[in-house]
Amino acid sequence: VLYSSWSRADHYSRADRRGGYAAAMHAAGLTPALNEPALGNEHRLTSDERLAMARAILARPDRPTAVVTYGGLDDVLPFIFTALSMGLRVPGDLAVLGVHDGSMECLGIDVATLATPTYDAGREALLMLMRKIDRGAGDLPSMPLPLNLYENQTLTPPAH
């Protein structure tokens with residue numbers, strides 16, 4: 001299972017998602033594999049660059065059987081389109097899971113998604129703001145919220 005992000009931003013959620021992925025991999029007795037080529041770069045990776053990198057990853061003899069991405073369609077589509085163009089089955093040969101604020105669909109493909117709970121996030125942000133106003137100075141820690149899994153069409157165990 002590969003964790004991938006094409007984003008150049010180093011937002012706290014990126015470190016949290018990467019850390020959660022790595023913890024789950026270690027708990028399963030597996031070695032984490034990361035693909036984060038744009039982190040810290042000054043330019044955003046183009047579609048052609050993302051497709052070329054996805055092709056290089058999926059052409060390896062030890063290619064991943066699953067990809068978990070930091071974000072939404074910009075992160076998952078290079079893997080889905082490249083896999084399909086290489087004759088791989090999605091799912092079957094490659095499972096793909098992204099993170100977004102709702103279910104993702106593109107060209108008739110319902111992509112497996114860990115959906116961020118936007119309503120709950122808004123409510124918790126307001127409650128945190130009210131606590132901040134009451135307490136005054138000082139940072140409040142971020143609050144992890146559970147994600148909703150939409151299995152959809154791109155998430156099944158690999159075929160062997």
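Helix α2 covers residues 47–58 of this predicted model. Its twelve residues, at 1.5 Å a residue, should span 16 Å, and the separation of 16 Å between its end C-alpha atoms agrees with that expectation. Four residues of α2 are buried, namely Arg-50, Ala-54, Ile-57 and Leu-58. Viewed down the helix axis, the buried residues of α2 fall within an arc of 90°, so they line one face of the helix. What do these buried residues of α2 pack against? Their partners are the strands β1 (2–4) and β2 (33–35), together with helix α3 (73–85).

Helix α3 can be examined in the same manner. Its 13 residues, at 1.5 Å a residue, should span 18 Å; the end C-alpha atoms lie 17 Å apart, which agrees. The buried residues of α3 are Asp-75, Val-76, Leu-77, Pro-78, Phe-79, Ile-80, Thr-82 and Ala-83. Just after this helix, Gly-87 adopts a positive phi of about 85°.

The largest nonpolar core has 19 residues, and the members that touch the most others are Val-76, Phe-79, Ile-80, Ala-83, Val-90, Leu-94 and Val-96. Two or more residues of this core come from each of α2, α3 and β5 (104–106). Which element gives the most to this core? It is α3, with five residues. Leu-94 illustrates how such a member is surrounded: leaving aside neighbours within four places in sequence, Leu-94 is in contact with Leu-58, Pro-64, Thr-65, Ala-66, Val-67, Phe-79, Ala-83, Arg-89 and Thr-154.

A second, separate core consists of five residues, among them Tyr-3, Tyr-21, Met-25 and Tyr-70. Of these, Met-25 belongs to helix α1 (residues 12–27). Is Met-25 buried or exposed? Its relative accessibility is 6%, under the 20% cut-off, and Met-25 therefore counts as buried. Apart from neighbours within four places in sequence, Met-25 is in contact with Val-1, Leu-30, Thr-31 and Pro-32. The C-alpha atom of Met-25 is 9.9 Å from that of Leu-2, although 23 residues separate the two along the chain.

A search of the whole structure finds two aromatic pairs. In the pair formed by Trp-6 and Phe-79, the ring centres are 5.5 Å apart and the planes meet at 20°, so this pair is stacked. The pair joins distant parts of the chain, since Trp-6 lies in the loop between β1 and α1 while Phe-79 lies in helix α3, 73 residues apart. Both Trp-6 and Phe-79 are buried. Another ring, that of Tyr-70, has the charged end of Arg-17 sitting over it, 4.6 Å from the ring centre.

These details belong to a protein chain with four helices and seven strands. From the N terminus on, its elements run β-α-β-α-β-α-β-β-β-α-β. Along the principal axes, the C-alpha atoms fill a box of roughly 60 × 35 × 35 Å. Of the 160 residues in the chain, 34% count as buried. Among contacts between residues at least 6 apart in sequence, 67% join residues at least 24 apart.

How values were computed. Residues are numbered from 1 along each chain as its sequence is written. This is a predicted model: local features need pLDDT of at least 70, side-chain atom pairs count only at pLDDT 80 or more; totals for chains, interfaces and linings use all residues. Side-chain values use heavy atoms; hydrogens and water are left out. The expected span of a helix is 1.5 Å times one less than its number of residues. Buried means under 20% relative accessible area, exposed over 50%, partly exposed in between (1.4 Å probe, protein chains only). The arc is that of the directions from the helix axis to the C-beta atoms. Contact means heavy atoms within 4.5 Å. A nonpolar core is a set of buried Ala, Val, Leu, Ile, Met, Phe, Trp, Tyr and Cys residues joined through side-chain atoms within 4.5 Å. Rings of Phe, Tyr and Trp (its six-membered ring) pair if their centres lie within 6.5 Å; planes under 30 degrees apart count as stacked, over 60 as edge-to-face and the rest as tilted. A charge sits over a ring if NZ of Lys or CZ of Arg is within 6 Å of the ring centre and within 35 degrees of the ring normal.
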